[in-house]
Number of protein chains: 2
Amino acid sequence: MPVAPRKRSYHHGNLPAALVDASLGLIGERGVQGFSVAEAARRTGVSISAPYRHFADRDELIAACAVTACEELQGRFAAAIAAPESPADQLAAASAAYVRFAAERRPMFDALFGAGLDKARYPQLAEAAAAVVETVFDVARELAPGRDPDSAAILLEAMTGLAQGHATLLLDGRFGEPPDAVDLACERVAAATRALIRGRSVLFSGSVPG
Amino acid sequence: MPVAPRKRSYHHGNLPAALVDASLGLIGERGVQGFSVAEAARRTGVSISAPYRHFADRDELIAACAVTACEELQGRFAAAIAAPESPADQLAAASAAYVRFAAERRPMFDALFGAGLDKARYPQLAEAAAAVVETVFDVARELAPGRDPDSAAILLEAMTGLAQGHATLLLDGRFGEPPDAVDLACERVAAATRALIRGRSVLFSGSVPG
DNA sequence: AATATATGTGAGTCTCTCTTACTTTGTTTC
DNA sequence: GAAACAAAGTAAGAGAGACTCACATATATT
């Protein structure tokens with residue numbers, strides 16, 4: 001849904017949102033590398049310097065796109081864990097949702113991971129990212145011994161790693177051509193998540209050798 | 001080891017390799033985003049247009065860095081699977097080696113994954129990357145039912161996903177501060193790999209529902 | 001030695017990021 | 001309701017980088 005300005009006058013009315021919109025479109029066409037503030041401004045119908053009233057620099061505009069990405073991802077996670085009954089099924093569904101998100105909202109995924117943003121510099125983004133993790137944290141806790149939060153974090157790290165990796169491989173074309181590749185990657189990551197959960201006992205005894 | 005030119009004359013003697021060297025140093029300092037052909041040329045002591053005699057454009061120079069990265073990674077994989085006795089231990093060691101590579105050779109890792117290179121456009125890179133996979137493929141086969149290559153590929157995908165994900169998380173600072181973070185991430189990814197292997201039976205029955 | 005080829009240079013074009021000074025519009029305050 | 005202020009936009013330009021092209025110089029070939 002495109003962002004409509006209130007008026008067609010000197011003041012745009014909703015420039016930041018419109019810029020994020022245009023930027024995501026542009027990233028979709030040219031990748032993060034090919035993205036430019038100038039072109040985003042042109043497409044939004046404002047001058048090249050206008051974006052700098054709202055975003056300190058190029059990266060900050062990309063960070064705003066990344067925040068949008070977090071919101072979208074959070075919604076997908078919430079939907080994924082809503083239906084299944086067992087925690088394992090919920091996490092498998094979440095993994096698959098993550099991979100599907102990468103495929104279906106590639107510009108968002110690229111803004112989030114392909115831009116090399118220093119997240120420490122964008123507190124709003126760090127917050128949004130933390131909120132995403134929060135969404136699935138309680139599910140992971142149910143699979144941790146004694147519902148221990150630290151163990152849950154370890155499990156979640158591993159799961160995140162799996163999902164992130166599968167998404168990267170999918171976008172890299174290592175699962176074949178879309179759209180079949182997407183379904184395949186989702187199945188695979190869900191299966192891998194289940195495998196990880198099945199064998200998870202090893203995870204929580206890591207540092208103690210024997 | 002710095003690349004030494006044969007002479008200090010008009011012709012450099014080994015400009016491509018020297019440029020790759022300088023580029024990796026530059027990527028280390030400024031990240032892939034901050035990398036510029038101009039600065040790499042300056043550091044190598046040649047004119048700004050000299051690199052274009054050897055590399056068609058910026059991305060092709062980065063791709064050459066990525067090829068170097070593949071060679072380094074391949075060596076580390078070979079060393080990692082040499083010592084352990086069981087296939088599971090070998091793969092766990094390979095995962096850890098991958099994560100350690102990301103931490104210790106970050107510029108290479110960034111060139112390989114942070115530049116958003118379209119690998120289809122760089123056959124030499126695709127070849128080098130395939131050779132890396134080849135190095136661990138036989139190990140994965142020993143853990144696949146009936147040594148089936150397709151199943152081995154699935155397992156390897158999942159493992160790659162795990163390692164890639166853990167590396168990303170480590171570089172993102174999600175394991176804490178170096179150098180402890182590196183060891184921690186290596187332990188975790190090794191444990192996760194073992195967990196994945198333990199529960200791997202689920203992996204190979206994916207597409208058949210029931 | 002003469003020629004061809006590979007490699008490096010300098011100057012120039014184009015685009016991009018970001019800044020500065022200025023303009024226009026909307027809001028507040030008396 | 002007008003004056004003052006703040007917010008949001010513009011135009012012009014400095015500085016840097018990607019890439020090109022005509023030219024220079026070294027090396028290889030014959």
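Residues are numbered from 1 along each chain as its sequence is written, while chains are lettered from A and ligands numbered from 1 in the order in which they are written. Because the model is predicted, local features need pLDDT of at least 70 and side-chain atom pairs count only at pLDDT 80 or more, whereas totals for chains, interfaces and linings use all residues.

## Fold of chain A

The secondary structure of chain A comes to 8 helices and 0 strands, and along the sequence it reads α-α-α-α-α-α-α-α. Helices (H or I, at least four residues) and strands (E, at least two) are taken here as DSSP runs, numbered from the N terminus. Taken along the principal axes, the C-alpha atoms of chain A fill a box of roughly 70 × 35 × 35 Å. Of the 210 residues in chain A, 46% are buried; a residue is buried if 20 or more other C-beta atoms lie within 10 Å of its own, exposed if 12 or fewer, and partly exposed in between, with C-beta atoms placed from the backbone. Two residues are in contact if their C-beta atoms, placed from the backbone, lie within 7 Å, and among contacts in chain A between residues at least 6 apart in sequence, 64% join residues at least 24 apart.

## Contact between the copies

The contact takes 34 residues from chain A and 34 residues from chain B. On the side of chain A that touches chain B, the elements giving two or more residues are helix 1 (15–34), helix 7 (149–171) and helix 8 (180–198) of chain A, and helix 7 of chain A gives the most, with 12 residues. The residues of this side divide into 13 nonpolar, 13 polar and 8 charged, where Ala, Val, Leu, Ile, Met, Phe, Trp, Tyr, Cys and Pro count as nonpolar, Asp, Glu, Lys and Arg as charged, and the others, Gly among them, as polar.

Two copies of a chain are related by a rotation about an axis and a shift along it. Here a rotation of 180 degrees with 0.0 Å of shift along its axis superposes chain A on chain B, with an RMSD of 0.0 Å. The two copies are thus related as by a two-fold rotation axis; the superposition is by least squares on the C-alpha atoms of residues with pLDDT of at least 70 in both. Since 100% of the interface residues of chain A are also interface residues in chain B, the copies meet through the same surface.

## Core and buried helices

The largest nonpolar core has 149 residues, and those with the most contacts inside it are C65(A), A66(A), A111(A), C65(B), A66(B) and A111(B). Such a core is a set of buried Ala, Val, Leu, Ile, Met, Phe, Trp, Tyr and Cys residues joined through C-beta atoms within 7 Å. Leaving aside its neighbours within four places in sequence, A111(B) is in contact with residues including L24(B), I27(B), C65(B) and A66(B).

In helix 8 of chain B, the buried residues include A185(B), R188(B), R194(B) and I197(B), and what covers the buried residues of this helix includes helix 7 and helix 8 of chain A as well as helix 4 (87–104), helix 6 (123–143) and helix 7 (149–171) of chain B.

In helix 6 of chain A, among the buried residues are L125(A), V132(A) and V139(A), and the buried residues of that helix pack against helix 3 (58–82), helix 4 (87–104) and helix 7 of chain A. Helix 6 of chain A has a kink of about 40 degrees centred on F137(A), the bend at a residue being the angle between axes fitted to the seven residues ending there and the seven starting there.

T168(A), in helix 7 of chain A, counts as buried with 21 C-beta neighbours inside 10 Å.

## Local backbone features

Most residues other than glycine have a negative phi, and most peptide bonds are trans.

| Feature | Chain A | Chain B |
|---|---|---|
| Cis peptide bond, omega near 0 degrees | P178(A) to P179(A) | P178(B) to P179(B) |
| Positive phi, not a glycine | R147(A), about 55 degrees | R147(B), about 55 degrees |

P179(A) is found in the loop between helix 7 and helix 8 of chain A, while R147(A) lies in the loop between helix 6 and helix 7 of chain A and, with 12 C-beta neighbours inside 10 Å, counts as exposed.
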